[in-house]
Amino acid sequence: MGTVEPKDGANAVAINLLLIVRPERKGQRDGLTDGAGEPFSPARCVLPNTGQQAPKEPHKQKPTVTSYTNEGTHVTVEIHPKGTSPQFFKKLSFGKGPRRVPSLRGQDNKGKAEINKALHTRVPSRSLSLSTHCRRPFRQQQPSLPQTMTACFFPVYPWDKSSLKSLAVDLQKFEKLDAYALKVNTKGSVEELVQTLLKQARTDLEKVRVIWMWICHHIEYDVVGFHNKSLRLCEPTDVLRTGKSVCEGYAGLFQQMCSVAGIQCMKLSGYSKGYGYKIGQTFQGNSDHAWNAVYLDGRWHLLDSTWGSGIVDDASTKFTFRYNEFYFLTHPALFVNNHFPDNSNWQLLKPTLTLKQFENNLQHNSDFYNLGLLAAHPQTALIQTENGTATISVECRPSTLFTFKLEGTDEHGLLTLRKQGMKLELYPQKTGRQELQIFARPSKSAEDVYTCVLEYIVECKSVDKSRCFPKDLHQPVGPSWFTEKQGFLRPSHPDPIIHTNDGRCSLTFTLGKDISILASLHTDSSSLKEEMSRQHIMQIHRGNQVEFKVHLPHAGNFVLKFFTKKKSDPGSYSFVFNYLITCLNTEVKWPAFPLRYSKWAEGYELLEPLSRLLPANRNVQFKLKMQGISKVLVQAGDTYTLTLSRDGFWEGTCNTAGCTELFVMVHENANHSYYSHILKYDVETQ
């Protein structure tokens with residue numbers, strides 16, 4: 001037994017308590033620390049800073065301090081308020097193998113040694129804001145160090161990418177339990193509500209789950225209380241009665257319900273990157289958020305029922321229920337991305353992050369991980385360009401599409417898809433700080449809606465004007481796993497940019513079955529009219545392979561776009577992807593290819609002449625490859641007949657004298673007398 005004596009200072013008391021010590025024979029145990037690198041000891045125990053004697057209520061949990069002797073004795077020290085009967089928790093194992101949480105049921109203390117010892121503990125005053133969005137201080141007991149945490153608990157930071165959760169959870173097994181929690185509508189008292197919920201919960205994990213699901217689907221965020229401190233209600237009974245609160249109320253109700261259910265639970269406080277957070281901001285002063293930790297299967301686990309319940313609109317005037325599974329038993333290495341506890345031990349990580357690291361680190365919101373994304377580089381929110389460029393990459397599971405916005409536009413970058421991620425090369429066209437947003441969506445999603453998953457601040461010190469891309473360039477750029485799914489297989493140019501010095505290039509693909517394809521060329525220059533966008537491209541089919549020959553009209557940056565549809569589909573063509581073609585040679589000036597008429601069939605191939613513009617008064621050699629044709633004529637000033645060679649080419653020579661246009665015609669059926677126009681050339685004027 002003991003006494004409480006006031007000491008100098010408003011925040012310090014001397015507590016004389018009865019310490020009950022029970023020795024148990026254990027093997028030598030080494031290496032247990034309190035998470036700060038030092039062994040647990042009574043002197044390090046953190047006590048409530050209430051400034052008054054604790055009320056005489058049934059104990060929800062007694063602080064337990066564990067130490068070890070070098071003779072192999074396991075000693076459990078319990079601290080009991082004055083006027084209460086000593087009760088022993090069940091023993092707590094720190095060794096290897098299964099671990100048991102301390103029971104709340106008492107045990108007989110017969111035969112135990114009694115030791116009177118005075119503990120003098122100074123606890124600094126702390127304050128915590130009531131929600132993610134506000135900074136109203138209140139006094140709260142600081143959670144003691146996670147006494148069940150061992151040095152090997154979540155030893156790796158950053159995240160090892162194995163699981164989003166700190167405990168193996170099969171969500172399908174929770175379907176009936178979750179549905180039951182959503183239907184429970186008891187609000188008489190916390191005890192009555194918990195008793196009703198636990199009718200369908202047997203294990204500790206199921207108890208935590210049913211409480212979590214009920215709170216996330218029945219307690220709404222109090223936007224009125226957020227704006228008006230005097231209207232906030234955060235006591236568990238008030239939260240249950242009104243059905244709304246801010247983060248302190250969510251966390252307090254969760255803790256109270258877990259206590260009734262016999263689950264060890266802590267209410268934690270700290271900084272958060274929630275609503276109103278600005279990239280790169282620093283945190284100081286009072287904490288601004290509250291969440292919980294629960295003890296399951298021998299470890300502490302983190303969750304945030306406030307963020308699991310829904311969202312608040314940008315104006316912070318309306319709350320919408322939108323359940324978020326991510327914040328249930330979140331892996332600590334992910335949770336620390338936007339939750340920084342006042343006590344760093346409650347990061348449950350080794351090593352822990354400093355506040356500076358937390359401030360500088362890139363924020364990954366829950367959508368980032370819910371979409372199957374794994375990592376992003378760089379990992380800092382502020383990016384500085386080097387020689388006018390910066391590179392960002394994202395690692396993810398397959399089948400994810402990306403796009404981006406730099407200051408609201410996607411014109412100043414090249415985004416390429418990879419089998420397991422993406423790469424973005426930025427070329428800002430103005431100096432200063434600019435906001436970058438990266439969006440993603442599953443490729444199999446029925447809706448063409450992208451979700452913002454990352455935000456950066458790009459600081460540009462110099463501009464690379466040579467990387468000013470055409471407005472017609474669409475993201476992503478270049479071939480990828482996505483274009484393969486659309487039927488573009490084995491591309492000859494896997495990179496998104498094609499550089500040409502003479503203004504000519506050739507690309508080949510293997511096409512999937514039943515694919516019809518079109519290509520067009522675009523540039524910001526007005527020299528390339530819309531009707532000419534496909535005339536600088538020659539498409540050649542050879543079985544299941546297709547070749548695209550491109551002749552640029554001048555130097556500059558061009559966009560080569562590809563469109564497809566099924567041959568059996570009478571509908572229109574759909575855009576698939578594009579390349580960026582660059583040419584710096586100012587002497588380049590290629591004319592268009594000959595005009596192809598509708599009778600120009602997919603299997604036809606033109607070898608010469610490839611230029612639409614032919615010289616006047618000159619003999620011109622023709623060579624074409626066409627199957628199923630009985631006769632080929634070239635109509636100029638005179639009419640010339642091409643002959644079929646042994647190797648299958650229609651060849652011949654014609655003269656351009658006396659004409660301004662030249663046509664190639666074919667006779668498809670020997671039984672018919674008419675010819676079909678397939679090509680048209682222009683002849684230079686004298």
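**Close-up views of a predicted model**

**View 1. A bridge pair between strands S20 and S21.** Alanine 440 has threonine 451 in S21 as its bridge partner. The model shown in this and every other view is predicted. Strand S20 covers residues 432-442 and strand S21 covers residues 451-460. The two strands run antiparallel. Nine bridges join them.

**View 2. The open sheet around S20 and S21.** Four strands form this open sheet, in the order S15-S21-S20-S17. Pairing in the sheet is mixed. Strands S15 (382-384) and S17 (400-406) stand at the edges. Each has a single partner strand, so one side of each is left without a neighbour in the sheet. From one strand to the next, the twist averages 30 degrees.

**View 3. Helix H2 packed on helix H6.** Two packed helices are described by the angle between their axes and the distance between the axes. For H2 (residues 190-197) and H6 (residues 247-260), the angle is about 65 degrees and the axes are 9 Å apart. H2 passes H6 in a right-handed crossing. On the H2 side, the contact is made by Val190, Glu191, Leu193, Val194 and Leu197. H6 supplies Leu253, Gln256, Met257 and Val260. By class, the contact residues of H2 and H6 are seven nonpolar, one polar and one charged.

**View 4. Helix H1 against helix H3.** H1 spans residues 175-183 and H3 spans residues 204-218. Their axes come within 8 Å and cross at roughly 45 degrees. H1 and H3 are therefore oblique to each other. Their crossing is right-handed. H1 contributes Leu177, Asp178, Tyr180, Ala181 and Leu182 to the contact. From H3 come Glu206, Arg209, Val210, Met213, Trp214, His217 and His218. The residues of the contact of H1 with H3 divide into seven nonpolar, two polar and three charged.

**View 5. Helix H3 against helix H6.** The H3 and H6 axes come within 10 Å and cross at roughly 150 degrees. Because angles over 145 degrees count as roughly antiparallel, the pair H3 and H6 falls in that class. The crossing of H3 and H6 is right-handed. Val208, Ile211, Trp212, Trp214 and Ile215 are the H3 residues in the contact. They meet Tyr250, Leu253, Phe254, Met257 and Cys258 in H6. This contact has 10 nonpolar residues, with no polar and no charged ones. Trp214 of H3 also takes part in the contact with H1. Leu253 and Met257 of H6 also take part in the contact with H2.

**View 6. Serine 309 in helix H7.** Serine 309 is found in H7, which covers residues 305-309. Its relative accessible area is 1%. Buried means under 20%, so serine 309 is buried. Leaving aside neighbours within four places in sequence, serine 309 is in contact with Cys216, Ile219 and Tyr250, among others. The list also includes Phe319, Thr320, Phe321, Arg322 and Tyr323.

**View 7. Glutamate 530 in a loop.** Glutamate 530 lies in the loop between strand S25 (515-522) and strand S26 (537-542). The residue is exposed, with a relative accessible area of 59%. Serine 520 is 10 residues from glutamate 530 in sequence. In space the two are 9.3 Å apart, C-alpha to C-alpha.

Methods: Residues are numbered from 1 along each chain as its sequence is written. This is a predicted model: local features need pLDDT of at least 70, side-chain atom pairs count only at pLDDT 80 or more; totals for chains, interfaces and linings use all residues. Side-chain values use heavy atoms; hydrogens and water are left out. Two strands pair if DSSP finds at least two bridges between them. Axes are lines fitted to C-alpha atoms, for helices over the stretch in contact, and angles run from 0 to 180 degrees between N-to-C directions. A crossing is left-handed if the near helix is turned anticlockwise from the far one by less than a right angle, and right-handed if clockwise. Contact means heavy atoms within 4.5 Å. Ala, Val, Leu, Ile, Met, Phe, Trp, Tyr, Cys and Pro count as nonpolar, Asp, Glu, Lys and Arg as charged, and the others, Gly among them, as polar. Angles under 35 degrees count as roughly parallel, over 145 as roughly antiparallel, 65 to 115 as roughly perpendicular and the rest as oblique. Buried means under 20% relative accessible area, exposed over 50%, partly exposed in between (1.4 Å probe, protein chains only).
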